[in-house]
Number of protein chains: 2
Amino acid sequence: MNTKILAASLALALGAGAASSVLAQAKPEVLVKQRQAAMTLQGKYFGPLAAMAQGKIPFDAKIAARNAGFLSALSQMPWDGFDASTSGVKSEALPAIWKDSAKFKSAQDLLVSNVAKLADAAKGGDEAAIKTASAAVGKACGGCHDNFREKK
Amino acid sequence: MNTKILAASLALALGAGAASSVLAQAKPEVLVKQRQAAMTLQGKYFGPLAAMAQGKIPFDAKIAARNAGFLSALSQMPWDGFDASTSGVKSEALPAIWKDSAKFKSAQDLLVSNVAKLADAAKGGDEAAIKTASAAVGKACGGCHDNFREKK
């Protein structure tokens, strides 16, 4: 493989900043941006599931399955972004994240676990099961947002 | 299911803005934020694969497999964010996205396809195959960034 071509592609693709950031510990600001990106996308794909569960939009098994699958990946992505090095970066993250890290970890694990159950339910295609599993995911979202995020 | 509890959880979890945004066509600014979030996370998880392919960090089959799996989902996420309604929102997206939409779609498809090949290679665990597939993904990133993103 021609590594020069790859390096050039990467520089084009990611921009010099992103390409170099992987070679060292990611900067706190980058970690915050990445974890916020994961939250944004969880909102994008959970939103319709929640609206279906609440009967605010029609149930669509195909969209439910796609979104639940995406959430299986996304629900694992934010957590390494809450590195202690980020505690001084302006965001809605509360100090409790680092003070009560065991509780924060439990809340993360509950989300990942509930999303996995939702993804299983979504593969099965049963509307009631999917809606119940979506409600449990919504509750798990609140488990972090209630205790570890600044109230707006 | 108690939909009142779900609604309350959601309001807490997503904030009123996010919860209501799913009930209508997403606003252009939201679509831009979501597509940029997908790009940020593609950078997060492709960066180490690219660095491994270039020999800048040691090859790690486990990280490669995890990241390639995440990229399988992430590579599908940005595209609906390039809705025509977003063409007036300030971003690095070039007008060519909407003028030459067939070419833009081909470039998207190439990325998704090359990421799928990378994910297959990563499941197999063969270092050389993973590195070659990573290089092809890097090239596919460039396929959009060269033609459809403002040069920095």
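In this predicted model, Ile130(B) touches Leu49(B), Phe59(B), Ala64(B), Leu118(B), Ala121(B), Ala122(B) and Gly125(B), not counting residues up to four places away in sequence; contact means heavy atoms within 4.5 Å. The model is predicted, so local features need pLDDT of at least 70 and side-chain atom pairs count only at pLDDT 80 or more, while totals for chains, interfaces and linings use all residues. Residues are numbered from 1 along each chain as its sequence is written, chains are lettered from A and ligands numbered from 1 in the order in which they are written, and side-chain values use heavy atoms, with hydrogens and water left out.

**Chain A overall**

- The secondary structure of chain A consists of six helices and zero strands; helices (H or I, at least four residues) and strands (E, at least two) are DSSP runs, numbered from the N terminus.
- Read from the N terminus, the elements of chain A follow the order α-α-α-α-α-α.
- Chain A has 152 residues, of which 45% count as buried; buried means under 20% relative accessible area, exposed over 50%, and partly exposed in between, with a 1.4 Å probe and protein chains only.
- The accessible surface of chain A is about 7,400 Å², and 58% of this surface belongs to carbon and sulfur atoms. Such areas come from the Shrake-Rupley method with a 1.4 Å probe; for residues, only the protein chains shown count as cover.
- Of the contacts in chain A between residues at least 6 apart in sequence, 72% join residues at least 24 apart.

**Helices H5 and H6 of chain A**

- The axes of H5(A) (residues 101–124) and H6(A) (residues 127–148) come within 9 Å and cross at roughly 165°. Axes are lines fitted to C-alpha atoms, for helices over the stretch in contact, and angles run from 0 to 180 degrees between N-to-C directions.
- H5(A) and H6(A) are therefore roughly antiparallel to each other; angles under 35 degrees count as roughly parallel, over 145 as roughly antiparallel, 65 to 115 as roughly perpendicular and the rest as oblique.
- The residues in the contact of H5(A) with H6(A) comprise 17 nonpolar, five polar and two charged. Ala, Val, Leu, Ile, Met, Phe, Trp, Tyr, Cys and Pro count as nonpolar, Asp, Glu, Lys and Arg as charged, and the others, Gly among them, as polar.

**Helix H2 of chain A against helix H2 of chain B**

- H2(A) and H2(B), each spanning residues 28–53, pack at an angle of about 130°, with their axes 8 Å apart.
- H2(A) and H2(B) are therefore oblique to each other.
- Among the residues making this contact are Lys33(A), Leu41(A) and Lys44(A) of H2(A), and Lys33(B), Leu41(B) and Lys44(B) of H2(B).
- By class, the contact of H2(A) with H2(B) has six nonpolar, four polar and four charged residues.

**Individual residues**

- Ile130(B) lies in helix H6 (residues 127–148) of chain B and is buried, with a relative accessible area of 2%.
- Ile130(B) and Lys27(B) are 103 residues apart in sequence, and their C-alpha atoms are 38 Å apart in space.
- Gln108(B), found in helix H5 (residues 101–124) of chain B, is buried at a relative accessible area of 8%.
- Gln108(B) touches Trp79(B) and Cys144(B), not counting residues up to four places away in sequence.
- Ala65(A) belongs to helix H3 (residues 61–74) of chain A and counts as partly exposed, at 32% relative accessibility.
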